[in-house]
Amino acid sequence: MNSFLSRFTNFQLRIVFGLLGATLVISSIWFSEWSYFILFGLICYFSNIEFYNLLINDKKKPNKRFGTLIGMLIYCLVFLIEKKLISNNFYLLLFPMCSFIFINELYTLKKKPFNNSAFTLLGIVYVSIPFAFMHL
């Protein structure tokens, strides 16, 4: 497989995989709301993981698991509310869910808890919220 791919230039590979990715995205949107939800949920999840890994590589200490979990909960919550499967009152859960980040950091007795919680919250705001806004 590697020898097959080595025949193509980097630009040609980017075009081929870009077209395959665009086909996957368009077909999932066209097929159903649930396939759209699953595909973009996976993209949101892996984007959160990648964002937190970049911060960790830069010697920051975000709470990767908790930030990804809260981000995915927000993504799912907004989809379910906009699909009218649950009540709009569930939007009231967004503030307490984000507040748990600060509470978790303060009670785990880590160094610089406010920096850690700020970087964790940044991942949610920078990655998960835009994916959740796509449901609107």
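Predicted model: local features only at pLDDT ≥ 70, side-chain atom pairs only at ≥ 80, totals over all residues.

Colleague: Fine. How close do the axes of helix 4 and helix 6 come, and at what angle do they cross?

Modeller: The axes of helix 4, residues 64–82, and helix 6, residues 113–133, come within 9 Å. They cross at roughly 25 degrees. Angles under 35 degrees count as roughly parallel, and helix 4 and helix 6 are therefore roughly parallel to each other.

Colleague: Is the crossing of helix 4 and helix 6 left-handed or right-handed?

Modeller: The crossing of helix 4 and helix 6 is right-handed.

Colleague: Which residues make that contact?

Modeller: Helix 4 puts in Gly 67, Ile 70, Gly 71, Met 72, Ile 74, Tyr 75 and Val 78. From helix 6 come Thr 120, Ile 124, Ser 128, Ile 129, Phe 131 and Ala 132.

Colleague: And by class, what is in the contact of helix 4 with helix 6?

Modeller: Nine residues are nonpolar and four are polar, with no charged ones.

Colleague: What else do the buried residues of helix 4 pack against?

Modeller: Besides helix 6, they pack against helix 3 (33–57) and helix 5 (94–107). The buried set includes Thr 68, Leu 77, Phe 79 and Ile 81. Gly 67, Ile 70, Gly 71, Ile 74 and Val 78 are also among the buried residues.

Colleague: What span should helix 4 have?

Modeller: At 1.5 Å a residue, its 19 residues should span 27 Å. The end C-alpha atoms are 27 Å apart, which agrees.

Colleague: Loops now. Which residue just after helix 4 takes a positive phi?

Modeller: Lys 84, at about 65 degrees, although Lys 84 is not a glycine. Lys 84 is in the loop between helix 4 and helix 5. With 65% relative accessibility, Lys 84 counts as exposed.

Colleague: What about Lys 59, where does that one sit?

Modeller: Lys 59 is in the loop between helix 3 and helix 4. Lys 59 is not a glycine either, and has a positive phi of about 70 degrees. Its relative accessible area is 72%, so Lys 59 is exposed.

Colleague: How far is Phe 90 from Val 78?

Modeller: The two are twelve residues apart in sequence and 8.8 Å apart in space, C-alpha to C-alpha.

Notes:
Residues numbered from 1 in each chain as written. Heavy atoms only, no water. Axes fitted to C-alpha atoms, helices over the stretch in contact; angles between N-to-C directions. Helix = DSSP H or I, 4+ residues; strand = E, 2+ residues; numbered from the N terminus. Parallel < 35°, antiparallel > 145°, perpendicular 65-115°, else oblique. Left-handed = near helix turned anticlockwise from the far one by under 90°. Contact = heavy atoms within 4.5 Å. Nonpolar A, V, L, I, M, F, W, Y, C, P; charged D, E, K, R; others polar. Expected span 1.5 Å × (residues − 1). Buried < 20%, exposed > 50% of the residue type's maximum accessible area, 1.4 Å probe, protein only.
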